[in-house]
Every structure is written in C-alpha cells, then in structure tokens.
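I opened this entry to look up a few places in the fold. My notes follow in the order I checked them.

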Amino acid sequence: MTVGLWEHWLLPGIWITIQLTVFSAVFAAVVAFGVGMARTSRLWIVRFLSGFYVEVFRGTSALVLMFWLFFVMPLAFETQLLPMWAAVLALGLAYGAYGAEIVRGALRAVAPAQHEAAIALSFSPAQRMRRVLLPQAVPEMLPPFNNLLIELLKATSLVSAVSVADITFAAQLSRLATGESLQIYAIVLGLYFVLAFVLTRLMRLLERRAKAGIGQAPERKRASGERKVPGRRPARVPAGAVQARGGGR
C-alpha cells in the first residue's frame with residue numbers, strides 16, 4: 001500500500017471515525033441520562049413514555065434506523081440530513097436506549113437509606129438527584145458505559161452504508177484501488193483495537209476520579225511477593241498484648 005493512499009484515505013477515515021464516536025457518545029449520554037432518570041420518575045406516564053422509547057430503540061437495528069433517517073425522512077418531511085449527522089442521530093438514539101437502562105439500574109442500586117437521608121434534609125427531588133443519587137450512581141455506571149462506548153466505536157463501521165468516509169469506507173476504497181485485502185484489513189483491525197484501547201484507558205481514569213470524588217479509595221495492587229493464602233485466618237493477638245493494652249488488668 002502506497003503512502004499516498006494512506007494519507008488520502010485512511011488518515012481522514014480515522015479522523016471521521018473519532019468524530020463519529022465522540023458526537024454519537026455525547027448525544028447517547030444525554031439521551032441515556034434523560035431517559036434513565038425519567039424511568040425512575042414517580043409519574044406513571046413519564047415512566048411509560050421513557051420505557052416505550054427504550055423498548056422501541058433497543059429493539060431496532062441501528063443500520064435500518066440510519067437508512068430511515070437518511071433515505072426515508074427526506075421523502076416524508078422534505079428535509080435531507082447530511083450523512084454524518086444522520087449517522088450520529090441513529091447511533092445516539094440506539095445506544096442511548098441501552099445507556100438509559102444502565103442509568104436506571106445504577107440509580108436503583110443506591111441504598112434506600114440515602115434516599116431517606118436526603119428527604120430528611122428537606123432536599124427537593126432535583127436536589128436529591130443532583131447532590132445525593134447521581135454522585136453515588138455515576139461510578140457504578142462507568143464500567144458498563146465503557147463497554148457500551150467500545151460497542152459504539154465498532155458500530156461506526158455501519159456508517160459506510162450511507163457513504164460516510166470512516167475507516168471502513170476508506171479501507172474499501174483503498175482495497176479497490178490497490179487490490180490488496182490482507183494488508184489493508186489487517187491495518188484496519190489494528191486501528192480499531194488502538195482506538196478501543198485508548199477509550200478504555202480514558203474511561204478507567206474517569207472511573208478512578210469519580211470514585212475518589214465520593215471517598216472510595218482505588219483498588220491497590222498487591223506487592224510482587226505478597227500472596228493471599230486461601231482459607232488462612234488472621235493471626236490471633238496474644239493474651240498478654242490484650243492485657244497490656246487494657247492497662248495490665
């Protein structure tokens with residue numbers, strides 16, 4: 001593969017993939033938090049509508065939704081979306097539905113005593129959500145959000161179906177121009193892996209900071225020579241030491 005093909009196709013494709021992932025992830029996060037918090041509302045109509053959204057978009061193919069937004073919507077509403085924004089909208093709506101269930105589950109996992117304490121302090125529902133529930137729920141959301149973000153990154157390869165020049169689209173053009181399949185697709189696999197690895201490290205850093213913000217110490221690694229013996233009980237304190245601490249009684 002020549003340097004010119006790399007510069008003209010794959011490098012711009014990497015940049016398009018990064019933009020798609022960032023824009024779709026931001027939109028999906030807004031949808032996930034909005035719908036997820038609505039799923040915990042005391043109003044049944046709010047719970048019903050948010051649950052209906054989750055069921056519809058969680059059970060809909062993101063690719064078919066992309067086709068609807070790009071090909072069908074202009075016929076129905078006489079409005080043509082750019083391929084990039086049709087892809088962002090489709091991915092954000094689809095993965096926002098998955099994220100909404102993560103948000104709902106994390107909020108439900110907060111201890112009931114925290115709800116009761118916030119009510120005892122006369123916090124409004126908005127204050128309870130912002131100052132008590134979300135700070136404790138967000139660290140629990142981040143690991144599944146990390147998996148969802150990686151899935152979203154890989155799903156950006158679908159946008160080549162609506163002619164968005166991402167990595168996959170660039171790889172197809174490069175293969176047609178050079179006739180090389182093994183080398184090009186091997187490079188593309190490596191690029192997706194590198195992007196996923198970087199996202200994972202960033203999300204883990206965010207998770208550690210979120211846990212530190214609520215006073216949860218990060219997990220410490222054991223020393224190289226330290227081993228945990230299965231079934232070993234803690235050492236007993238000698239009776240003399242107890243008497244010494246008790247003042248010699």
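**Ala 25 and its contacts**

I started with what Ala 25 touches: leaving out residues up to four places away in sequence, I found Leu 149 and Leu 152. I note that this is a predicted model. I placed Ala 25 in helix H1, which covers residues 3–38.

Is Ala 25 buried, exposed or partly exposed? I looked up its relative accessible area and got 22%. Buried would need a value under 20%, and exposed a value over 50%. Ala 25 is therefore partly exposed.

I then checked a distance across the chain. Phe 145 lies 120 residues from Ala 25 along the chain, yet their C-alpha atoms are separated by 9.9 Å.

**The chain as a whole**

Next I stepped back to the secondary structure. I listed nine helices and zero strands. Read from the N terminus, the order is α-α-α-α-α-α-α-α-α.

I looked up burial for the chain too. Of its 249 residues, 36% are buried. For contacts, I took pairs at least 6 apart in sequence; 73% of these join residues at least 24 apart.

**Ser 50**

I moved on to helix H2, residues 44–58, where Ser 50 sits. Is Ser 50 buried or exposed? Its relative accessible area is 6%. The cut-off for buried is under 20%, so Ser 50 counts as buried.

What does the side chain of Ser 50 reach? I traced it to the backbone oxygen of Val 46, at 2.9 Å. Setting aside residues up to four places away in sequence, Ser 50 touches Val 35, Ala 38 and Arg 39.

**H2 against H4**

I stayed with H2 and looked at its packing on helix H4, residues 83–109. Two packed helices are described by the angle between their axes and the distance between the axes, so I looked up both. The angle is about 125°, and the axes are 8 Å apart. Angles over 145 degrees would count as roughly antiparallel, and 65 to 115 as roughly perpendicular. H2 and H4 are therefore oblique to each other. I logged the crossing of H2 past H4 as left-handed.

Which residues meet here? From H2 I noted Tyr 53, Val 54, Phe 57 and Arg 58. Facing them in H4 are Leu 93, Ala 94, Ala 97, Tyr 98, Ala 100 and Glu 101. I sorted the residues of this contact by type: eight are nonpolar, two are charged and none is polar.

Definitions and conventions. Residues numbered from 1 in each chain as written. Predicted model: local features only at pLDDT ≥ 70, side-chain atom pairs only at ≥ 80, totals over all residues. Heavy atoms only, no water. Helix = DSSP H or I, 4+ residues; strand = E, 2+ residues; numbered from the N terminus. Buried < 20%, exposed > 50% of the residue type's maximum accessible area, 1.4 Å probe, protein only. Polar contact = N/O pair within 3.5 Å; in protein donor to acceptor, adjacent residues only side chain to side chain. Contact = heavy atoms within 4.5 Å. Axes fitted to C-alpha atoms, helices over the stretch in contact; angles between N-to-C directions. Parallel < 35°, antiparallel > 145°, perpendicular 65-115°, else oblique. Left-handed = near helix turned anticlockwise from the far one by under 90°. Nonpolar A, V, L, I, M, F, W, Y, C, P; charged D, E, K, R; others polar.
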